[in-house]
Amino acid sequence: MDGSGILRYGRVRRAYDLHSSAHREGVGVIIYLAGPYTPINGRTLSDNIENAKNTAKELWGEGFAVICPHMNTAFFTGIPNDLFYLGGLEILERCDAVLMLDGWEESFGAKMERLDALKNNIPVG
């Protein structure tokens, strides 16, 4: 298995672990993806959106419902970042679990999303 397969397995495994923590009887788990959007650590905006999109697609393929904020606001301009942050938190609080994407530790927004999820007792993986 190459390195991407190991990462892919890790994401899916974390999603299943979140599913076990957040499952509601008769309702599928909705997973919110939290990770870098703006360029950091040598990755471009397009790289970060593509990474989130690929993770969302993979998890949808495994039967999860996924909210991918990176795709929801991809390449929007002229809107203050605060509105994106606040809107993202509103969406996150309606989800059952949060999956942190690689590099989240360097992202202001992802760190904020993680803290909000923990504050609201939403499982984070």
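**Exercise 1. Find the residues that make up the largest nonpolar core, and say which elements supply them.**

Step 1: list the members. The largest nonpolar core has 12 residues: Val 29, Ile 31, Leu 33, Ala 52, Ala 56, Leu 59, Phe 64, Val 66, Cys 68, Ala 97, Leu 99 and Leu 101. Here a nonpolar core is a set of buried Ala, Val, Leu, Ile, Met, Phe, Trp, Tyr and Cys residues joined through side-chain atoms within 4.5 Å. Buried means under 20% relative accessible area, exposed over 50%, and partly exposed in between, with a 1.4 Å probe and protein chains only.

Step 2: look at the elements. At least two residues of this core come from each of β1 (30-34), α2 (45-61) and β3 (97-100), and α2 gives the most, three residues. Helices (H or I, at least four residues) and strands (E, at least two) are DSSP runs numbered from the N terminus.

Step 3: zoom in on one member. Beyond its neighbours within four places in sequence, Leu 33 is in contact with Ala 52, Thr 55, Ala 56, Leu 59, Val 66, Ile 67, Cys 68, Pro 69, His 70, Leu 99 and Leu 101, where contact means heavy atoms within 4.5 Å.

Step 4: check for another core. There is a second, separate one of 10 residues, including Tyr 32, Ala 34, Leu 92 and Ile 122.

A word on the model: it is predicted, so local features need pLDDT of at least 70 and side-chain atom pairs count only at pLDDT 80 or more, while totals for chains, interfaces and linings use all residues. Residues are numbered from 1 along each chain as its sequence is written, and side-chain values use heavy atoms, with hydrogens and water left out.

**Exercise 2. Work out the order of the elements along the chain.**

Step 1: count them. The chain has five helices and three strands.

Step 2: The order is α-β-α-β-α-α-β-α.

Step 3: Of the 125 residues, 36% count as buried.

**Exercise 3. Sort the two aromatic pairs of the structure by geometry.**

Step 1: recall the cut-offs. Rings of Phe, Tyr and Trp (its six-membered ring) pair if their centres lie within 6.5 Å; planes under 30 degrees apart count as stacked, over 60 as edge-to-face and the rest as tilted.

Step 2: take Phe 76 and Phe 84. Their ring centres are 6.2 Å apart and their planes sit at 50°, so this pair is tilted. Phe 76 is partly exposed at 44% relative accessible area, and Phe 84 is partly exposed at 25%.

Step 3: take Tyr 85 and Phe 108. This pair is edge-to-face, at 5.3 Å centre to centre with 70° between the planes. Tyr 85 lies in helix α4 and Phe 108 in helix α5, so the pair ties together parts that are 23 residues apart in sequence. Tyr 85 is partly exposed at 28%, whereas Phe 108 counts as exposed at 53%.
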